[in-house]
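Work through these exercises with the model open beside you. Try each task before you read its solution.

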Amino acid sequence: MRTEQPKTIYLKDYQQPDYWIDETQLTFELFEDHALVHSRLSIRLNDAKPQAQAQPPLVLDGQLLELVSVELDDQPLSNYQVDDDSLTLQPQTASFALAITTRIEPQNNTALEGLYKSGGMFCTQCEAEGFRKITYYLDRPDVMSRFTTTVVADRGSYPVLLSNGNPIASGEHDGGRHWISWEDPFPKPAYLFALVAGDLCLLQDSFTTMTGREIDLRIYVEPENREQCDHAMDSLKRSMRWDEEVYGREYDLDIFMIVAVNDFNMGAMENKGLNIFNSSCVLAQQDTATDMAFQRVEAVVAHEYFHNWSGNRVTCRDWFQLSLKEGFTVFRDSEFSADMNSRTVKRIEDVTFLRANQFAEDAGPMAHPVRPDSFIEISNFYTLTVYEKGAEVVRMLHTLLGAEGFRKGTDLYFERHDGQAVTCDDFIKALEDANGADFSQFKRWYSQAGTPRLDVASHYDAARREYRLSFRQHCPATPGQSEKRPQVIPVRMALLDSAGQELPLQMAGEQQSLGNETVLSVTEAEQEFVFANIDQEPLPSLLRGFSAPVKLSYPYSRDDRVFLAKHDPDGFNRWEAAQGLAVDVLQGLVEIHRAGRPLHLDQRLADIYRTVLADTALDAAMVAEIIRLPSEAYLVELADTAHVDAIHFAREWLRAELARSLKSELQQRFDSLQVSAHYSADADAMAMRSLKNTLLGYLMLTDDQAVVQQCVRQFVEADNMTDRQAALVALVNSPFEQPRQAALEHFAERWAAYPLVMDQWFSIQAGSTQPGGLERVEALMQHPLFTLRNPNKVRALIGAFANQNLVNFHRADGAGYRFLADRIIELDRLNPQIAARLVTPLSRWRKFASDRQQLMQQELARILATEKLSPDVYEVVSKSLA
Ligand code: ARG
Ligand code: ZN
């Protein structure tokens with residue numbers, strides 16, 4: 001156990017800073033074995049803050065810094081205190097200039113936070129608290145400053161020197177060194193600072209804004225990646241246009257730059273005018289990237305671009321408000337993707353992800369509100385709750401206000417708070433003021449953790465021609481929150497007659513017709529809605545488009561679900577009905593298997609699949625979504641006690657059984673999709689590939705050598721990575737040893753020089769549910785291309801194994817848990833943020849049967865007993881055991 005426990009920070013303790021920093025002038029001298037950082041800060045007392053008599057001390061944040069010198073108003077200063085986290089001095093005047101020089105070692109920075117080296121280039125990651133690892137500063141988002149940055153480095157190795165804003169001057173120094181100065185006219189918090197130095201090549205384009213300004217667009221990558229940037233550039237231009245059209249937001253600087261780096265903790269970072277990206281979120285090309293990767297690039301480019309308004313122009317007052325920018329921006333990027341692709345399919349993907357992952361977080365030991373009220377390490381709160389649930393909360397506001405009202409609200413928000421650091425309350429207030437709305441109860445979505453359950457019952461009164469829906473909501477207790485109050489739950493719904501037609505809706509006692517679809521606002525713990533003039537008992541279509549992030553339950557029979565899957569006019573709910581039936585069938589099979597009884601296929605599920613397989617009018621991507629069984633992770637989340645082996649067995653059995661029953665339909669549709677073979681990256685072509693490869697996955701379960709040959713042929717002949725990879729996945733998860741090995745070897749030889757492609761190779765093997773998974777992963781750790789120092793590699797191998805390969809990770813002897821704990825301990829010394837993320841699968845121990853629980857707890861305890869644990873890992877592990 002550590003001796004001193006890291007300290008918890010509370011939202012309720014927020015206070016304004018004692019000082020502001022109006023101007024920040026930085027000079028970086030970059031060398032191979034160190035960097036010197038010279039800062040000159042214009043500091044001013046915050047006179048709006050009530051002060052005690054004496055002028056308060058100035059406490060600057062700083063970590064892992066070597067302090068070289070301090071000057072106050074150009075005089076050397078010796079009267080200051082330095083400790084592990086800060087530099088404290090006592091100014092005598094209300095405004096002054098402070099000049100500080102620090103020495104740091106970017107080449108030894110393995111945490112990838114602050115200034116570090118990725119391959120041959122220097123780059124930064126400052127959000128949330130990385131700037132304090134560069135120099136002493138008021139490293140908090142409510143301190144906004146105008147930055148001027150000069151970068152000095154060797155011209156040969158680092159011809160490209162970048163920072164935020166516009167280049168204003170450059171020149172040469174002796175010894176082959178050169179320098180460039182950048183000036184960012186927009187005051188910003190330090191977390192948006194960025195610097196890049198490297199030997200990079202440039203893809204350049206331009207965009208003309210809605211007021212006719214021409215913006216210089218630049219994507220910088222390492223020379224070998226030059227050919228892989230077109231899709232990112234195209235996505236950027238579409239994002240810029242979309243934000244003008246949908247939100248009225250125009251870009252503000254003259255240059256917008258994206259730089260791709262290989263070693264990056266997260267997806268990307270929205271630094272003002274200089275976005276830094278994980279290369280996995282920039283590079284995409286037919287031969288090397290899957291359709292999923294293409295969509296991810298499009299979404300992340302958009303996300304970071306949209307931050308320029310929702311995050312940069314209006315930023316967060318403190319890190320508890322993280323969802324102010326992240327929830328809103330995820331909502332914005334998901335709507336963008338919906339507009340660029342199929343809206344229904346995008347919604348299905350997002351909901352599937354949310355339910356399998358965020359719901360699990362909400363039910364686990366790290367559960368926290370969208371606006372947390374305390375944390376030890378803020379890096380641990382870049383979570384699915386803050387991002388994805390936060391986006392759902394904004395989506396509900398959009399649903400309640402309608403598109404027009406929501407736009408009025410965001411216009412007011414941007415206008416009122418431009419240039420400020422604000423809170424989630426300010427966001428809500430702007431939406432309220434612009435619409436005359438009252439969201440005081442709605443705000444519980446920001447303060448209460450946990451996923452509400454919404455139980456619905458119905459009653460039809462033929463005599464009165466009335467149909468009653470009764471709602472009961474309940475949110476389970478979460479750490480620190482035992483009691484919850486009712487939340488506002490918007491339920492988009494319709495009522496269907498026996499032909500599947502939507503009935504006109506009218507509430508009993510009211511004259512107004514609501515049309516065929518409406519949004520009910522459930523606000524009470526128990527609440528009823530009565531519909532009038534209903535001539536026959538309808539079937540309700542509830543929570544259309546997943547209008548609230550809740551667990552809805554209505555006593556649908558399997559026949560009801562079949563009916564909805566075939567007839568609901570709402571595409572999302574058609575999918576939801578098929579999904580609900582598949583969940584019900586699988587949960588039944590798990591129980592039957594555990595009772596040792598033989599399994600039987602419910603023909604109703606096969607029947608739905610048969611119907612959609614024959615429906616050539618339906619979007620091919622929708623067909624693929626409907627015939628995809630719920631994931632093991634989702635079934636684990638839904639279970640009170642998850643029996644991983646039984647879940648895996650039942651799901652695999654069902655897949656194989658469906659494949660056998662539907663063999664000819666699957667094969668026929670598969671063959672029909674072969675004709676349209678010419679590659680294109682548009683939505684239709686992606687939809688075809690998605691369906692084709694889903695079909696291939698099923699067909700491979702039919703033990704037919706002809707199919708195996710077909711799969712091998714697809715692997716060899718594919719002209720794109722989506723088809724090639726799908727074939728590889730099918731082979732790797734098959735029992736056919738020879739073609740599997742041959743394909744893996746061939747793939748590794750062909751793509752050895754492409755790190756992102758090799759990430760896929762690692763990840764596909766890590767995810768293979770064939771027996772011996774742990775041994776395979778251990779062997780792959782020794783592969784020359786694997787390294788713990790690259791987060792993408794860690795995610796591809798260790799992350800994929802622990803999160804996606806449930807049968808192998810949860811093997812009964814606990815070896816999977818021990819392996820993961822060892823890697824966490826090892827990685828914590830290099831990169832605490834990545835180490836802490838790997839704890840998630842162990843933190844979910846309460847979900848599993850008691851033998852597994854014990855083994856998982858043991859490993860958590862072993863991690864906690866490790867010397868010099870980072871606050872990141874300490875927080876997640878200690879909360880998991882609490
Ligand atoms: N703001 C970035 C984004 O979502 C993510 C930064 C993550 N930083 C971190 N320390 N976890 O676009
Ligand atoms: Zn973001």
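The exercises below concern a predicted model.

**Exercise 1. Domains and their contact**

Task: State how the protein is divided into domains, then describe the contact of domain 2 with domain 3.

Solution. 
- Step 1. Domain 1 covers 9-291, domain 2 covers 314-447, domain 3 covers 453-555 and domain 4 covers 752-882.
- Step 2. Take the centres over C-alpha atoms. Those of domain 2 and domain 3 are 24 Å apart.
- Step 3. Count the residues in contact. Domain 2 gives 14 residues, and domain 3 gives 14 residues.
- Step 4. Trace the domain 2 side. Helix H4 (343-362), helix H5 (384-417) and helix H7 (444-447) supply at least two residues each.
- Step 5. Find the top contributor. H5 gives the most to this side, with five residues.
- Step 6. Sort the domain 2 side by class. Eight residues are nonpolar, two are polar and four are charged.

**Exercise 2. The shell around ligand 1**

Task: Which residues surround ligand 1, and which domains does the shell draw on?

Solution. 
- Step 1. List the shell. Ligand 1 is surrounded by Glu127, Ala128, Met266, Ala268, Met269, Glu270, His303, Glu304, Glu326, Ser379 and Tyr382.
- Step 2. Strand E20 (268-269) and helix H2 (291-306) are the elements that give two or more residues.
- Step 3. Sort by class. The shell has five nonpolar, two polar and four charged residues.
- Step 4. Assign domains. Domain 1 (9-291) and domain 2 (314-447) each provide at least three residues of the shell.
- Step 5. Check the backbone. Glu127 and Ala128 both belong to the shell. The peptide bond from Glu127 to Ala128 is cis, with omega near 0°. Ala128 sits in the loop between strand E11 (121-125) and strand E12 (145-154).

**Exercise 3. The buried side of helix H8**

Task: Which residues of helix H8 are buried, and what covers them?

Solution. 
- Step 1. Pick out the buried residues. In helix H8 (residues 558-567) they are Arg561, Val562, Leu564 and Ala565.
- Step 2. Look down the axis. These residues span an arc of only 165°, so they lie on the same side of H8.
- Step 3. Identify the cover. It includes strand E30 (539-541), helix H9 (571-594) and helix H10 (603-614).
- Step 4. Take one residue as a test. Ala565 lies in helix H8. It has 26 other C-beta atoms within 10 Å, so it is buried; the cut-off is 20 or more.
- Step 5. List its contacts, leaving out residues up to four places away in sequence. Ala565 touches Arg574, Ala577, Ala578, Leu581 and Ile608.
- Step 6. Ala565 and Leu77 are 488 residues apart in sequence, and their C-alpha atoms are 74 Å apart in space.

**Exercise 4. Positive phi and loop exposure**

Task: Are Asn533, Lys868 and His600 buried, partly exposed or exposed?

Solution. 
- Step 1. Start with Asn533. Its phi is positive, about 60°, although it is not a glycine. Asn533 lies in the loop between strand E29 (526-531) and E30. It has 14 other C-beta atoms within 10 Å, so it is partly exposed.
- Step 2. Turn to Lys868. This residue is not a glycine either, yet its phi is positive at about 55°. Lys868 lies in the loop between helix H26 (850-864) and helix H27 (871-881). It counts as exposed because it has 7 C-beta neighbours inside 10 Å.
- Step 3. Finish with His600. The loop between H9 and H10 holds this residue. His600 has 10 C-beta neighbours inside 10 Å and therefore counts as exposed. The cut-off for exposed is 12 or fewer.

**Exercise 5. Annotated spans**

Task: What is the helix and strand content of the spans 80-192 and 232-445?

Solution. 
- Step 1. Read the record for the span 80-192. UniProt, in an unreviewed entry, lists these residues as "domain: Aminopeptidase N-like N-terminal".
- Step 2. Compute its content. Residues 80-192 are 0% helix and 53% strand, with end C-alpha atoms 28 Å apart.
- Step 3. Read the record for the span 232-445. UniProt, again in an unreviewed entry, places "domain: Peptidase M1 membrane alanine aminopeptidase" there.
- Step 4. Compute its content. Residues 232-445 are 56% helix and 9% strand, and the end C-alpha atoms lie 34 Å apart.

Conventions: Residues are numbered from 1 along each chain as its sequence is written. Chains are lettered from A and ligands numbered from 1 in the order in which they are written. This is a predicted model: local features need pLDDT of at least 70, side-chain atom pairs count only at pLDDT 80 or more; totals for chains, interfaces and linings use all residues. Helices (H or I, at least four residues) and strands (E, at least two) are DSSP runs, numbered from the N terminus. The arc is that of the directions from the helix axis to the C-beta atoms. Two residues are in contact if their C-beta atoms, placed from the backbone, lie within 7 Å. UniProt positions are given in the numbering used here, feature names are shortened, and annotations may be inferred rather than shown by experiment. Domain bounds come from an automatic or database domain assignment. Ala, Val, Leu, Ile, Met, Phe, Trp, Tyr, Cys and Pro count as nonpolar, Asp, Glu, Lys and Arg as charged, and the others, Gly among them, as polar. A residue is near a molecule or strand if its C-beta atom, placed from the backbone, lies within 6 Å of it.
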